[in-house]
Each structure stands twice: as structure tokens, then as C-alpha cells.
Amino acid sequence: MKSAIHSISLSFTFALLVLALPANAKDTGCFPHVQQIAAQKASEAFVKTPMMKVDTGRITYDHYQHIKFLGNQTFWRSENLPFQLEFMHPGMHFIRPVKLFTWEDNAEKPITFSKKYFDYTEVKDLHLENDEANMGFTGFRILSKLGQPGASAPYNETVVFQGASYFRALGQDQRYGLSARGLGINTSLEGQEEFPDYTQFWMEKPEKDAEELVMCALLDSPSLSGATRFVIKPGKSTDIEIETQLYPRKDSISEVGVAPLTSMFFHGENSPHQYGDYRPEVHDSDGLLIHNDDTWRWQPLAEVPYFNVKSIPTNALQGFGLMQRDRNFNSYQDLEAWYHARPSVWVEPLNAWGDGHVQLMRLHTESDTVDNMVAYWKGETGKIPQRLHYRLSWRSEDPSAHQLGKVYATRITNRAVDSLPGHKGSIRFIIDFHDLPKLSKAPKAEASLQGAGAVKEPVVQENPYIKGWRVIAQVFPQNCETPLELDIKLTNGGTPVSETWSYPIPQSLCIAP
């Protein structure tokens, strides 16, 4: 009976949505149309998009790398529109097609697969003559001029969608790094994670002077369906405003992760070793930044031996993000990956999210090819949000609202390198802060330790090489079984002049006293 009532409720919601549409919906765009489809989907049993009726296994990794999109075939190229599209070919593990449409004059028009878009000259042993009718696109790229004025400005990759609900974006002078997702379901529950798919996309045809591209997508999974509207504004920082209406198939879900970000952290300046790597640091992001109420919190990313989830309460979330702060090439020494140019992504809520937690999930990795860091926001356990509205900013700097001093670097040692007596079992943290407001005297470092242990009053030293301050803090664990977390902030007369540096101390650093 409960299932029947749930189905009736969804059908009623769908009917109300249809009735609520204006008689003349010319200016409403694709969003109401996709909401109707999502509501109807949720009232039906989930069906996974079937694989293409083509032996895509014949399209090997080597083939896939050599199938090129023809530059003179970009969609909307003939009309010289400010946004153009490139399509993604099937192959390797990309075997489920997505449906693509344009949205013009309040109606959808399909974009069908054609080999005319691709250059196969480097894969002469691949014969697809009889397969074209059964093939489909597996994703797409959006090209723009990244906010650069003038007819001569080149088109550049700006956003790419491919695989589940994953997408990535770029601002000016950036290289692809971390990814975003439409939604995370049961992400921190080992063996229970569900990956919703974007299965259909609608592109609203832009005007010739458009600075934004509007598009919609259908989200679908065993637990729910959803309609998403994207407003993409490229520039020095590329902003994507996202609005999603969710339609649950289930009465409750253990964990709904909002605005999930997925990144890679292999090793950094705070790592105990470099895995024999010639590169000093290897990561797409080096920290989690949270703006809650009037406080700013920075947690450096760090390696873990297996699996770790940190839950950070928020009652007035202003924003959070995985950030790549270190922009110095010398920190990475990688001429191919360009880690110093990878974007940070800042999430800014645009409606009230209520009380909840920012979750940081960390997985162990011994490779720079594995995304092992995930950050997202979740509300009350089991509660399914109906409407999500937020902005993602793919940027190279911290948010402009952040006016306090910032952590420049974190270094750690649990060895008595300075041979000080009585320091056996201690852990020393060396934290550099910069970009502080102008001060008439040295700031004070306030430290607090949660867990079974003690922290010595930190030492503050001026660091002229970064025009900032160095804090040296020493922690003495009572044992190596109890979790510890150290917080440090700089103050001036009791007033914070820096963000709060926060570090969950891994057991691997602990040496029993």
C-alpha cells in the first residue's frame, strides 16, 4: 500500500506540474519540459540506459585516443554563435549513449550521431561502416571564448560532460583537474554508493551576443530522477549556476550528497614520503575550504592508509570547495600535467540548505591516476532535498569574500630532528600564513586540541619570504589509538586575522611516548 500511495503522489505531482505550465511558455526554456519528464520517470520503475547495439569493445583504448573530432564540424559553427559543441565518440568503457537535443522556439530537436563529425584516418583497422545507425554520443564538450572580447578570440574548451553525471570546466589559463557531479548517493557508505546518470541534455540555442549558455539535463538513478538547469558563464573564472528539482522513487535515502566534488591528492608538502616520485607535490587540490556563518576553515588534504570520512557540521553554510592554492610550478615540476594551473571549485548555495555537514571522504592511493578525494554537503540523514540551487565557480583564487589571512603551507615531522630533550612521541606542525591584514605587531597563535593529548603553546615567527608568519606547534599524544584534531588561528587582540587551520592527525604520525 505504501508503494501505491507513493506512486499516486508522484503522478499527482506530475499532473500539477503540467497544469502549472503557462499557456504561452515561450520564455520558460527547457527546464519545465525536463521537469515533466523527470516527474514521469520517477513514477515508473528505473531502467538503466541500455548499451549500444555495437561491439564497442572493438574500439580499444588506442583507437579511442586516435579518433578525433573534426574542428570544422563543431555544432553551431556555421552560424558563428558564441558557444559551439563537440561530441564524444563511444569506446572503451563509454558504452551507454546520451540523448542530445537543441531547444529552439519552445521545442526540442534531436542531435543525432553521425560519423561526419569524426576523423578516423589514424584508425584504419577499425571498420564501423555498418554500425553508424546503432551508435550514439557518450558526452560532449562546450566551447567558448572564455569571456575574451573580439571576433579574433579563439574558441576554447570550457565544459565537458561524460560518464554518469560527471562534468569538468575551465576558466582562463586553467587545465582540467577535479570533477563535479550532479548528485552523490550513499557516497560514504562503503559498497552502497549509487551513481546517478545524466541521460539526456537540451541546449538552448544562444543569441549571437550571448555571454551565457543555458542547458538542461535529465538525472536518473534507482533512487530518484531529477531535472537540472545549468547557466554557464565562461570567463577568467567560469561560473555554472545549477538548479535541480528532485523526484524520489524511494521514501528515504541514507545519504544524499549535494554538489559533490571529486579530486586527486597523491602527495604534498605535508606528506611523510613521495613514493619515489621526482615531483615534490602531485595533486589536483591541496585543501578543503569552508565558509560557515562568519568563520573560514582550511583543512589541508592528506594521505590516509585506507578509507576515512570527516564530517564537519555547518549551520549557516556560505560556501565550500576543494582548492588548489599552490600556484608555483616549482612545487610540482610537471611539464605535462600542469598541476599549478588546475582549477579550484567553490560551491556557493543560492537557497537555504539548512543544518547539515560538509563531508570529506579520503581514500588511499599509490597513483596519480586515481581520484581519491570527495567533498560534498549533506543535510539530515535520510532527508531528500526537493530543490537544489547553487553556483560552482571554477577559479584560480580564493573567493573574494575571504578577507582573512590564508594558510600558505603545512609541514609535519614526528622525528626529533632538532634533538630537543623530552620530545619523544611529539608531532610538530610548521604552518605558514600569508595575505593577512596589515598588523602593527606580531599576531598570536591560538591552538586547541581535541582528543587525548596536549599541545604546547605555539611559537610565531615572521616569515619575510612569503610576507607572512610561521607558526610552530607541538602536539603530545597520550596514546596512538585516540583520534586527535588540532585547530590553529592567528589573532590580534583576540580578533581573528586568519582562517582556522584544522588538521585531523592521522594515527600513522603517532609514535607512542
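**Strand pairing, disulfide and enclosed space**

Strands E26 and E27 (residues 427-434) pair in the antiparallel sense over 7 bridges. Two strands count as paired if DSSP finds at least two bridges between them. Strands (E, at least two residues) and helices (H or I, at least four) are DSSP runs, numbered from the N terminus. The structure is a predicted model: local features need pLDDT of at least 70, side-chain atom pairs count only at pLDDT 80 or more, and totals for chains, interfaces and linings use all residues. Residues are numbered from 1 along each chain as its sequence is written, and side-chain values use heavy atoms, with hydrogens and water left out.

On a 1 Å grid over the protein atoms alone, a cavity is a set of points where a 1.4 Å probe fits but cannot get out; lining residues have an atom within 4 Å of a point. Grid points are joined across faces, edges and corners, and a volume is the space filled by probe spheres set on the points. The largest cavity has a volume of about 150 Å³. It is lined by 16 residues, and the closest to its centre are Glu269, Asp286, Trp298, Ala409 and Thr410. Strand E19 (295-300) and E26 each supply at least two residues of this lining. The largest share, 4 residues, comes from E26. By class, the lining of the largest cavity holds 7 nonpolar, 4 polar and 5 charged residues. Here Ala, Val, Leu, Ile, Met, Phe, Trp, Tyr, Cys and Pro count as nonpolar, Asp, Glu, Lys and Arg as charged, and the others, Gly among them, as polar.

The second largest cavity holds about 60 Å³ of space. Its lining consists of Asn479, Cys480, Thr482, Pro483, Leu484, Ile505, Pro506, Gln507 and Cys510. Of these, 6 are nonpolar and 3 polar, with no charged residues.

Strand E31 (residues 484-492) has 7 of its 9 residues buried, so it is largely enclosed by the rest of the structure. Buried means under 20% relative accessible area, exposed over 50%, and partly exposed in between (1.4 Å probe, protein chains only). Strand E31 has several antiparallel partners. Strand E28 (residues 444-450) is joined to E31 by 7 bridges and runs antiparallel to it. In that pairing, Lys444 stands opposite Thr491. Strand E33 (residues 500-505) is antiparallel to E31 over 5 bridges, and the bridge partner of Glu485 in E33 is Pro504. Strand E32 (residues 495-496) is joined to E31 by 2 bridges, again antiparallel. Asn492 stands opposite Thr495 in E32. The hairpin of E31 and E32 has 2 residues between the strands, and Gly493 takes a positive phi near 65° there.

The structure holds 1 disulfide, a disulfide being a pair of cysteine sulfur atoms within 2.5 Å. Cys30 and Cys216 form it, with their sulfur atoms 2.1 Å apart. Cys30 lies in the loop between helix H1 (2-20) and helix H2 (31-42), and Cys216 lies in strand E12 (residues 213-220), so the pair ties together parts that are 186 residues apart in sequence. The torsion about the S-S bond of Cys30 and Cys216 is about 80°, so the disulfide is right-handed. Both Cys30 and Cys216 are buried.

The largest pocket has a volume of about 1,600 Å³. A pocket is an open set of grid points with protein on both sides within 12 Å along at least five of seven lines. Of its 48 lining residues, the closest to the centre are Met88, His93, Phe94, Gln162 and Arg168. Elements that give two or more residues to the lining include helix H3 (61-66), strand E2 (84-88), strand E8 (166-169) and strand E11 (197-204). The lining of the largest pocket divides into 23 nonpolar, 13 polar and 12 charged residues.

Ala151 sits in the loop between strand E6 (139-144) and strand E7 (156-162). Ala151 is exposed, with a relative accessible area of 78%. Ala151 and Pro82 are 69 residues apart in sequence and 9.6 Å apart in space, C-alpha to C-alpha.
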